[in-house]
Amino acid sequence: MRSWKNHVRGELQQRDQTEKLPFIGVFTSLSQMEERFEFRKTCLDDVQSKSLDRGGREVGKDTRLLQLQLRESEHLAEKLSQTVSDLTTVLYLKEAELQYWQSRVSHFRQEALSLAKGSNAMKATLSEFEYTVECQSKELAALRTEQKGINQALEQACREKEELLQRWMEEKREEADRLNKYNAAQERWQRFAKQLKKHLHNARTKEFVPIVTSSWCGEAEMSTSVIQRINNTYRDTTMSKL
């Protein structure tokens, strides 16, 4: 059942597609024939009325037919002249429209050429920018490598600085220790010298000699020189240790 309906539906659709255009031509021809028939009828009535007005005599059939053809030819000529006038007007309009579209086409062609030139210029600029970006990327990579080396050298310099600072601090500490030892030794020697001087002074006061002999002066000078020699020897020893 479905196949039969589908077949009929397909045949009807094919008929509509094939016969639609011929029907349009038939309708156009029919309207033209009706218009021509109406005109012939009007012309025939007019010819008959005129033939009757001429003295009450009826004109022959050939004459009426000729008059009818003449009127029809005049009508067709008027119609053709009107059609020619309409076609001329349409032709002028089409020519004007054609010129307008030609100007538009030339304008669009010029615009397309300018756009093509702009596109080529933009492509060239883009290629230059790509080359510049590539060069800058290479320079950036080189700068990053150089920065990495500089950072490594800076870290090495910081380590060396720390080592030198520690070494300098140790040397300053050792020098401070030596100075402290030297100052302590100087203080001990000064105390020893004071005690020795005090002892000599006490020894001098205990012994009362009214006349100073040369032997006592020699002993005093000898004790003073001995003290000075001991002081110089201790000082030299301490400086050599420092």
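Q: How many salt bridges does the count come to?
A: This is a predicted model, in which local features need pLDDT of at least 70, side-chain atom pairs count only at pLDDT 80 or more, and totals for chains, interfaces and linings use all residues. Residues are numbered from 1 along each chain as its sequence is written, and side-chain values use heavy atoms, with hydrogens and water left out. A salt bridge is a side-chain nitrogen of Lys or Arg within 4 Å of a carboxyl oxygen of Asp or Glu. By this rule the count is 2.

Q: Which residue meets E134 in a salt bridge?
A: The N to O distance of this salt bridge is 3.9 Å. The partner of E134 is K138.

Q: Is K138 buried or exposed?
A: Buried means under 20% relative accessible area, exposed over 50%, and partly exposed in between, with a 1.4 Å probe and protein chains only. E134 has 42% and is therefore partly exposed. K138 has a relative accessible area of 55%, so K138 is exposed.

Q: How many residues apart are E175 and K172 in helix α2?
A: The side chains of E175 and K172 form a salt bridge, at 3.9 Å from N to O. E175 is partly exposed at 35%, and K172 is partly exposed at 38%. Along helix α2 the two are about one turn apart, a separation of 3 residues.

Q: Why is the pair of Y100 and W101 called edge-to-face?
A: Rings of Phe, Tyr and Trp (its six-membered ring) pair if their centres lie within 6.5 Å; planes under 30 degrees apart count as stacked, over 60 as edge-to-face and the rest as tilted. The structure holds 2 aromatic pairs. In the pair of Y100 and W101 the ring centres are 5.3 Å apart, and the pair is edge-to-face because the planes stand at 65°.

Q: What is the angle between the planes of W189 and F192?
A: W189 and F192 form an aromatic pair with 5.5 Å from centre to centre. They sit 3 residues apart in helix α2 (residues 61-206), so about one helical turn separates them. The pair is tilted, and the angle between the planes is 35°.

Terms used: Helices (H or I, at least four residues) and strands (E, at least two) are DSSP runs, numbered from the N terminus.
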